[in-house]
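Hello,

I am handing over the structure below, followed by notes on what was found in it. Please keep it open while you read.

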Amino acid sequence: MPAWKAVEEQEPEFAARVRKLFDAGRHKTMATLRADGSPRISGIECEFVDGQLRFGSMNDARKGADLKRDPRVALHGPTFHPTEGKESEWPGEAKIAGRAVRTVAQSADGGDEPPDGEGFTVDITEVVITGLDPGATKLVVESWTPERGLRRVERD
């Protein structure tokens, strides 16, 4: 599975819009799977660095335990509601799905002391932007996967 860099290389304009939507606010939402298979939603901060989508988890956090057991993850960027009467100006929302890969984390100051938590990158399986057409009359879903590339679907 590809890193974020593959999306940037294959669909740079789409990737730039996804990043802009993710960077519009600090707090994102992450979905993981609990041991019994039920979903867990957690707040998360993440960043795009060196062609990777990265995030962290505190030591002994439930989301980290979920990802060690089953690395499937979905991230949802910050959400903003369309303004009534200005729906065509709504930028939409972005989602990224994939598999979390544990990374070697470093302390915040770059020293040798172990960090208080663990780091992850995401191998991407799907990226989606959901928005509206210019007339705000149709839902537009743009999605990218490594197998089929970018696709756009409009729904009434």
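Trp 90 has a relative accessible area of 16%, so Trp 90 counts as buried (under 20% relative accessible area; exposed is over 50%, partly exposed in between, with a 1.4 Å probe and protein chains only). This is a predicted model, in which local features need pLDDT of at least 70 and side-chain atom pairs count only at pLDDT 80 or more, while totals for chains, interfaces and linings use all residues. Residues are numbered from 1 along each chain as its sequence is written, and side-chain values use heavy atoms, with hydrogens and water left out.

Trp 90 sits in the loop between β5 (72-76) and β6; helices (H or I, at least four residues) and strands (E, at least two) are DSSP runs, numbered from the N terminus. Not counting residues up to four places away in sequence, Trp 90 touches Phe 80, His 81, Pro 82, Thr 130, Gly 131 and Leu 132, where contact means heavy atoms within 4.5 Å. The side chain of Trp 90 also reaches the backbone oxygen of Phe 80 at 2.6 Å.

Trp 90 is one of the residues that line the second largest pocket. A pocket is an open set of points on a 1 Å grid over the protein atoms alone, where a 1.4 Å probe fits, with protein on both sides within 12 Å along at least five of seven lines; lining residues have an atom within 4 Å of a point. The volume of this pocket is about 210 Å³, taken as the space filled by probe spheres set on the points, which are joined across faces, edges and corners. The elements that give two or more residues to its lining are α2 (12-22), β7 (118-132) and β8 (139-145). The lining divides into six nonpolar, two polar and four charged residues. Here Ala, Val, Leu, Ile, Met, Phe, Trp, Tyr, Cys and Pro count as nonpolar, Asp, Glu, Lys and Arg as charged, and the others, Gly among them, as polar.

Glu 93 lies in strand β6 (residues 93-103) and is buried at 18% relative accessibility. Its side chain makes a polar contact with the side chain of His 76 at 3.4 Å. A polar contact is a pair of N or O atoms within 3.5 Å; within protein, one must be able to donate a hydrogen and the other to accept it, and residues adjacent in sequence count only if both atoms are side-chain atoms. Leaving aside neighbours within four places in sequence, the contacts of Glu 93 include Leu 21, Thr 79 and Val 128.

Strand β1 (residues 28-33) and β2 pair in the antiparallel sense over six bridges; two strands pair if DSSP finds at least two bridges between them. They form a hairpin with five residues between them, and Gly 37 in the turn has a positive phi of about 90°.

Most residues other than glycine have a negative phi. Asp 60, in the loop between β4 and α3, has a phi near 65° and is exposed, with a relative accessible area of 76%. Ala 136, in the loop between β7 and β8, has a positive phi of about 55° and is partly exposed at 29% relative accessibility.

Regards
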